[in-house]
Structure formats: structure tokens, C-alpha cells
Amino acid sequence: MKKMNYWIAIVLGVCGVTLGASHLSAQCTGGTFAGSLTPTVPWKTVPCVRGGEYYEFSAVAGNYYTFTFCMAGGNALWNTEATMLDNAGVPVSQLGVNNNACGLGADVRYWGPAPYTGTFRILITESDGVSNFCLSNSLCATMAYKQEVTPFTGPGANCATANNIVSLPYTGGGLSTCFQFSDYTPSASNCNSPYLFGEDYVFTYNGTANECLSIYLRNTFIYTGVFLLDGCPDQATTNCIAFDEAGAGDPVLSNITLPSTGTYYIVVSTFPSPNCTPFDIEVVNCVAVGQGDTCANAFPIPAIPYANVGFTTCGFGNDYNSTQVCASDYLDGEDFVFQYTSAGNECVAIELSGTSSWTGFHVLDGCPDNPASNCIASRGEPGGNPRLRRVEFTSPGTYYIVVSTFPAPNCTPFNISLEPCTAACTRNTNLADVCGTATPVSLTLGDTICGFSDFSFTPDTSPDLDAAFCGSIENNGWFSFVADSTALTLQFEIGNCLTGFGVQAQIFETSNCNNFTALSTCFNPQIQANGFLQATGLTPGNTYLLMIDGYAGDDCEFIAYRVGGLLPVEWGPFTATLDDENDVYLDWATFSETNAQGFYVQRGQSMVSPEDNAIRWETIGYLEAQGNDPDGHAYQYIDREVEFNGDSWYYRLQQIDFNGTSDFSEVREVGLDGPDRSALLRIYPNPAVDAVNLSYYIARDGAVRFHLFNLAGQIVRHVNLAGGSEGTYQERVDLADLPSGLYIYDLTIGTKSMRGKIEVMR
């Protein structure tokens, strides 16, 4: 048989604004000098950049430089705008406006070649994404920057210099399409996708006829595509084998069969032009073809430890659902089924990786559609990549592991790993699940205890305990100890949490595990964080209980040290006050400070969680402490122009010591009235299938209109929405008759117009 030569080309790209392009309407000037930078080839970061500040740096003629709030440690919680100025403050070129390509931070902005050797300024401002690009913002952002290695002609730049994949499985990390330039366009091959507009990265691979491949891209920006072709995109004879346009990022090609033996060109790019993206890539041969669709045809796991990559639930059908055993919403997508025969008395750690969001797995001693089956363990994660530290195969027999997603009919790629359980603690026996059989430990001065907040623990509670504890209880466990003094302080170190919520703990006195008296502060950071718990009023010789619970049901490893003395900071009053300008004034004081480094100011809002009143926290600022001050000190932080979105904001302080430990203040709530401006609060889902939901706030009377444009600028939808009086509104716009593709929306409330992108997917 004559050997045929082909190529596989993978092309990646992202939505954003080019950094070298000039947008005169968005250029900003002025600003406050904040420091000097020295770009080097390795990445560097500026930990606190504020809107309205500029930094000076020396550039060399012909060199390229990158500034980003997305990669290499950069991040931002507001829309960043960057303008390059000369040393006199005159704009040289616009680096781009953030369009949330990587979430709330800005996309990659590169600049060059520098027109001459000299001093330049990079000015950072805030953009509202519509007409105001030169705003100030006092909230800290982290900017990463570097000098680029030029010229940009390395592996992956084009088909002639493609990055060759020698064998599978192949994993490439820390790659980028940036600086590879846009060599190929939608019209260059019969893929004809707008996701070929961006800068391109190209791989090659020598494949065989009927070989099955799966290609996973991860950690990309939005609007990224991956393409598989049998030739370079600019060749007229090239055929498009398969491609995936991922408006939300991280595109996947799953179970793709190569038609012939030969060298395949693969390609990657983004939308719109000339965007670029960072990415990681994994190319593997398909596994489990013809197996895994049902329990009757389950994929066998021969022995543990076991690990394999390249699985997918896509195309395997939705055979099991949330009405069956395990009763989990994460059974409503397409399913993949493993089968494992255990000798019994076996503990296994199970972990999925490389999944999409809303992925779960379920362990049963029978098939989910058999009512006689028992659900041994189940875990679903909105962010994907679920794992369980301990799954007990108590009895000998056959067990099934079902991987699925939520909602229906979703599917996901995934890798799987099963390992024997490892002890999270060797100092003492772990927490007991039941209060009446609490595990005895020693908590004399200098002692250390450890363990983990087992996800499978049942909530052991009572009305009295609910009232005494500082949060709700999902999977609490118990230690008992005999007091050796009237007071004690425990220092907690928390790690390896399954979901990142952390643990909460408190010391109680009880005689019947029904009536409880709290004798300590409550350790409840609501994130994976270290901290302190302090008990007073103890009677030496009496027995007390230390209760530890996973916040929102989290499973974390912990170490608790018995330390002497009082907490490093003795908290004084803490208030949060809203003024007429929607600024929130945070005032607090300490009565004493020892070894105190500073205070992180945190802001949060309520979220959907098993935990009552669960709050998702973010750090918005930092103030240095006094270090050592026996009399304490007063502090103030201003959170300026807080945006209204219909819910209260919450504030707290995380005090950090010079040795890295921390403690948290009480929480303060601020209920914001509607601001004197209308706003689009949320547009979802995006990508959309048949309809899109709008949530918006009207500050004053005015008509509300929604327009949708295609990329040619034609209006494809015009809807008059509910409006009138001040308030928050919810509306649904039907998109069922529109073809798949990218559209531009315009929501007008009175005289204010808000625009953005939405993708329709079928």
C-alpha cells in the first residue's frame, strides 16, 4: 500500500484586542508615577497595580515586551486598560482594552518592536468596556511582565516550523499562540471557521489509518478553537477532519479516527483577529472504544493502583440518571462505566482530571438502575476534576464507578486514577463520626494532633449545637481531651482540601451530646486557610470535645498545634458603613498586637452551597499592621464605588502574622441600595442554545431594548423588554431560530447602552 503523507495542525486563539494595534479613541494619558520596572526574559510581577498609575521601564529598539493580568501570576478584579506612553507622557501605541478574555483580568498585551532605545511608560487604567477607558481604581491588581525572545520563529509558528509530536501520549504545558502571528484564515481551508482568525500554533504527528485520537486543550482563554486537518490550512487540497470552536475556552476533539496512514498536519487559532492565548495540550490515543457505555459492557479495571488518560463520556449515551441509586444530579449527563472486583477490606483514593465543569463520579456495589444497589460514595464538582480521598470497598465483590455530568445531556473528557489510600495522619486516630464515641487525644502544651474532615461523615447535630456553633454542619467529627489548664490556644494548618472551602472548628462542653456549651472562639475562615482557636473557662481535669467540620462539606487534611499565650491580635470593634457615593468605609481597631504583619481586606457575596450562609470571598486590599503594639491601633480602608447587583456585600479581615499564621475578624454585612445608574447584571447561559436570560437593574424610568447583531452588522433580533420603575428585572430572549455562531448584543436602558458577545451553539 502506498504510504500517504498528511499533517495534523492544531490552531489555538482567543477573543481580545491586539496589543500592538492603535485605538486612538481609547488611548489614555496622565496618571501617577508608581515605580520603575526592569523587564527580563523570565517573568516578573508587580503585586499591587491600581487604575490611574503608570510604571517606567527602559526598552531597547526592536525588542518586544509583554504585560498581562492573566498569565504568569497576573490577575485583576476589574477591567484593565493599558496605554504605552513615551517618557513625556505622549501615547506611543495602545496595548488594548480588557474584554474579560481570562475572566475579570485582562488578556495578554504585547508591545513591540520598540521604536527606539529609551524610557517608556505603561499606564494602567480601568475600562467600562463601552466608552470610558481611562478610569481610576483603588483595588489592587497583579501585573506580570517580561521581555520577549525575538524573532518569533520557534517551533509551532507555522506548518514549515511545526512542533512535531513524536509519539503518544503527548503533553505540552505552558505553550502560547502569542507571537506566532496569524498565518492562516477561515478561508484557507474547508474548516471555514472564524476561530482561525487569531494567531496560530501548529503541531505535526505521523498517524496510521483508523488510529483514534483525542485532543484536549486546557487553561486557554475564551473563544479558542482546535482543528485537525490532512494538510496545511493554506493548501487547496487540504481536508478538515474535525474541529471544535469553544466560546468558553478549552476546546476538545474526542475519539477522532484518522482516515489514512501518513503524516498529519494538526492546527490551532482564536477569534477574533488577531488574538492569542496561552494553552496546555494533551494528545492521546482513544481508550475504551466499544466499552464503558453500560454496566453490562463496563470497562474493566484489572488492579489498583490504576491510571489511564484519554477517556470521554461523549457518545456513550445517558443510560443512568438522578432518579436512580445515588440520586445525584451529576448522573444526568452521558455516562461512562468502570468495573472493579475487590477482595474486600480495601480503601481506594479516586481522582478525575482533565474534565469539563459540572463533572462527578459515583461508586456503587451494583448498577444505578438496580434498586438493590447501594451508593458507596459520590462526588460532583461544579468546577470539575472531582476526587475522593477514601472510598471503602468493605465487602468482597464487583463495584461500578460511573462518570457523568450535570445537567443533561452534557459530556466530558477525563483521565482517571485509583490509588490505595494513604494515611493523612500517623500521630493519632482520626476524628470519630459520632459525638458519643469521640476519639481521645492529648492537648497538653506542645502537643500536636492531626486528621482529615472525612466527606462521608454524617452530620451529628442537635438544635442546641446548631445554636451554639458559628455555621451549619455537614460532615462533623469529634476529638475528646482532658484539660490541663483554664485556657488553651490551638493553631490550625489546613491543606489538601477537595474543594478549597476549608474546615471550621470549635470546643464544646457536653454531658449528653445533645446540650452543648461553646467554650472557644470559632475557627471558620470559609476558605482553605490556617488560623487559631482559643478556649477559656476550662476546668483542669474535665473532659471537653473539639468538633471539626468540613465547611460546605469539604474534606481537608489538618494539623492542630497546642501553643501558649493569647492570640497575636486582640480584636477591637469592626464596622462597615456605606456612604452616599456607594463607598464602604471599613473601620477597625485592635486592643493589642504581637508579631502582626498586616490585614487582608476581604469582600464576598452569598453563593449556592450546602453550607448555610456560605460566602465566596475575594481579597480586595491590604494594610500593614504595627507589628508589636501592647495598646493596639486603629485602621481604615475604603472600598470605593461598590457596584449594586441586588445582593448584600459582606466584609471581613484576615490578620496575618510574620510566621505565616492568620486569624479572621467577625463578618459585617452591607446592604447596598440601587445606585443612580442602570446596569446589566447578568446574561446567561453563554454559549446559549435556544434562549438567553437577561438580569438587569433600572435606576430610573426608561425604555429597555435588546438588539442582536450578526458579525456582518445586521440586526437579527430586536426585542422591547420590561422596564418602567426602578428595580431589578429578569427577561428571556428566544434564539431558537438563529444559526450557530457568534453575535453582538446591545442592551439599551434609557440612554445607557451595554454591549458584549454571545455565542449560539446547536
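## Surface and overall make-up

The accessible surface of the protein comes to about 30,800 Å², and 49% of that area belongs to carbon and sulfur atoms; accessible areas come from the Shrake-Rupley method with a 1.4 Å probe, and for residues only the protein chains shown count as cover. Of the 762 residues, 54% count as buried, where buried means under 20% relative accessible area, exposed over 50%, and partly exposed in between (1.4 Å probe, protein chains only). This is a predicted model, in which local features need pLDDT of at least 70 and side-chain atom pairs count only at pLDDT 80 or more, while totals for chains, interfaces and linings use all residues. Residues are numbered from 1 along each chain as its sequence is written, and side-chain values use heavy atoms, with hydrogens and water left out.

The protein has one helix and 51 strands; helices (H or I, at least four residues) and strands (E, at least two) are DSSP runs, numbered from the N terminus. Among contacts with a separation of 6 or more, 74% come from residues 24 or more positions apart, a contact being heavy atoms within 4.5 Å.

Six bridges pair strand E47 (residues 704-709) with E48 in the antiparallel sense, and the bridge partner of arginine 705 in E48 is asparagine 720.

## An enclosed strand

In a regular strand the side chains alternate between the two faces of the sheet. In strand E6 (residues 80-86), seven of the seven residues are buried, so E6 is largely enclosed by the rest of the structure. Both faces are covered, with Thr80, Ala82, Met84 and Asp86 buried on one side and Glu81, Thr83 and Leu85 buried on the other. Seven bridges pair E6 with strand E9 (residues 118-126) in the antiparallel sense, and the partner of leucine 85 in E9 is arginine 121.

## Aromatic rings

A search of the whole structure finds 45 aromatic pairs, where rings of Phe, Tyr and Trp (its six-membered ring) pair if their centres lie within 6.5 Å, and planes under 30 degrees apart count as stacked, over 60 as edge-to-face and the rest as tilted. Phenylalanine 311 and phenylalanine 414 have ring centres 5.4 Å apart and planes at 15°, so the pair is stacked. This pair links distant parts of the chain, 103 residues apart, with phenylalanine 311 in strand E21 (residues 306-312) and phenylalanine 414 in strand E28 (residues 413-420). Phenylalanine 311 is buried at a relative accessible area of 0%, and phenylalanine 414 also counts as buried at 0%.

Phe57, Tyr65, Phe67, Tyr116, Phe120 and Tyr145 form one aromatic cluster. Arginine 603 lies over the face of tryptophan 649, at 4.7 Å from the ring centre; a charge sits over a ring if NZ of Lys or CZ of Arg is within 6 Å of the ring centre and within 35 degrees of the ring normal.

## Backbone details in loops

The peptide bond from leucine 168 to proline 169 is cis, with omega near 0°, and proline 169 is placed in the loop between strand E11 (163-165) and strand E12 (170-176). The bond from isoleucine 304 to proline 305 is cis with omega near 15°, and proline 305 lies in the loop between strand E20 (299-300) and E21.

Asparagine 345, although not a glycine, has a positive phi of about 50°; this residue is in the loop between strand E22 (336-342) and strand E23 (346-353) and is exposed, with a relative accessible area of 75%. Glutamine 526 has a positive phi near 65° and is found in the loop between strand E34 (517-518) and E35, but glutamine 526 is buried, with a relative accessible area of 10%.

Definitions and conventions. Two strands pair if DSSP finds at least two bridges between them.
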